[in-house]
Amino acid sequence: MRWKPLNLLVLFFLVGLLPGLAGAARVSEVRLAEHPGFTRCVIEMDAEPQYSVGNMSRQANLVTIMLAGVTSAPSSAHLSGVIEQIQDTSIEHSERLNACNVHLRTRGTVRVETQRLQSPWRVVIDLYPEGATPPAETPSATAAPTATPTAAPEPAPASEVPPPLVREIGGRYRPRTIIIDPGHGGRHRGGLGELNGRTWSEAEITLPIGFELHRLLAADPLFKPVLTRTKDEYIGLRERTRIAEQNRGDLFLSIHLNAVAGNAADRRRARGLEFYTWSYDSSDKKPWKYLVNLENEVDEGPGIRRDALPLLNGMLRDALETQSTESQRVARGLEQAFLQDTFFRKDYRGIKDARFKVLENYDMPSVLIEVCFITNPDELRWISSAERQKRVARYIYEGTLRYYEAHDPQFRAARGAMLAKN
């Protein structure tokens, strides 16, 4: 697609209206990726961007991002696979005007949301199909469907055909693949707790929670659950993320129990639920080294997930940005579900971020759930009950529903159609 020089002339006048045009910037990359319910365009720069988004050609299906003070730019955008919502893209740069246009021609009318981020500087443009309405701040949870208990689940193959009900309510809907990761296993027992003369391990409690969550999700035709482990075996952190990627996961949920080293008083003091999302720099200025080492399985070797470091540069950075934003949204949905229970509400520790290796799933939102402290005798007594483990699984299921109902228009429409048929 070729763009008329008139566009740049219009841009020249438009950028004059933008505030603070001091300095010059280079556009290092323009990349697009498709996500559930929207398309994201990321324009990465080496200095603070001065930009405006508009429709210069008066074409309903053309979105233009106008950048001022730009000394250089790539000749084309990088597309991460086939993007159904985008028909064509083009980048035009004027060295004389130090200005740049990024054009996105869509296949339908879209609603545009933008934000300016830093470290590095970038403009993030999200394109939502026309008619997709913003979700309510606090959507109500949907009750889990009743289902006959299934046998011990096995990871579902990526090529599995969607359930018939889903095909009936919408041929284009693809069940959301939820990766269930019961923490630790095998030689990695995780945290340990003592109760009535018996030693409990984190690995033996997270697995039945994972099984029950798999059962609930498998009974819902809008989901396809996949377990990273189905027995008490060691699965490395690199392998867990590989399973998630191979199965084209839409969401990664890692189930853990918290732990703290110290004397009996320290162990009794530490209590409560908390959620973690991935961050290069932890929000906790003094993170517990014990917990970080425990969850990162430090004896696996210093090279684990070293291949993830290049992802912090280049075309996949937008996936990390999406992961960070979406993971926070998932955590808020889980938070709403869990805090219905007074047990979790009274000692709740909040949503945090940490550099946990298992959360380096750069192409899907990921949340690590520290259900409670296995080193606290009172909390261990609570979570050692099979019925309460099922309750935890139900809260994770309900929190997952909250997230998708709030932030995935296709999921919301499919659920509405499904409920209308029943």
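Reader: Which residues are exposed on the other side of H11?

Author: Ala413 and Ala420 are exposed there, with exposed meaning over 50% relative accessible area, buried under 20% and partly exposed in between (1.4 Å probe, protein chains only). Bear in mind that this is a predicted model, where local features need pLDDT of at least 70, side-chain atom pairs count only at pLDDT 80 or more, and totals for chains, interfaces and linings use all residues. Residues are numbered from 1 along each chain as its sequence is written, and side-chain values use heavy atoms, with hydrogens and water left out.

Reader: And which ones are buried in H11?

Author: Phe411, Ala414, Arg415 and Met418. Down the axis of H11, the buried residues fall within an arc of 100°, so they line one face of the helix; the arc is that of the directions from the helix axis to the C-beta atoms.

Reader: What's at the start of H11?

Author: A side-chain oxygen of Asp408 comes within 3.2 Å of the backbone nitrogen of Gln410.

Reader: Switching topic: where does Ser384 lie?

Author: Ser384 is in the loop between helix H9 (377–383) and helix H10 (386–407). A polar atom of its side chain is 3.0 Å from the backbone oxygen of Arg381.

Reader: What is Ser384 in contact with, leaving aside neighbours within four places in sequence?

Author: Leu195, Trp200 and Gln389, where contact means heavy atoms within 4.5 Å.

Reader: And how much of the whole chain is buried?

Author: Buried residues are 51% of the 422 in the protein chain.

Conventions
Helix = DSSP H or I, 4+ residues; strand = E, 2+ residues; numbered from the N terminus. Polar contact = N/O pair within 3.5 Å; in protein donor to acceptor, adjacent residues only side chain to side chain.
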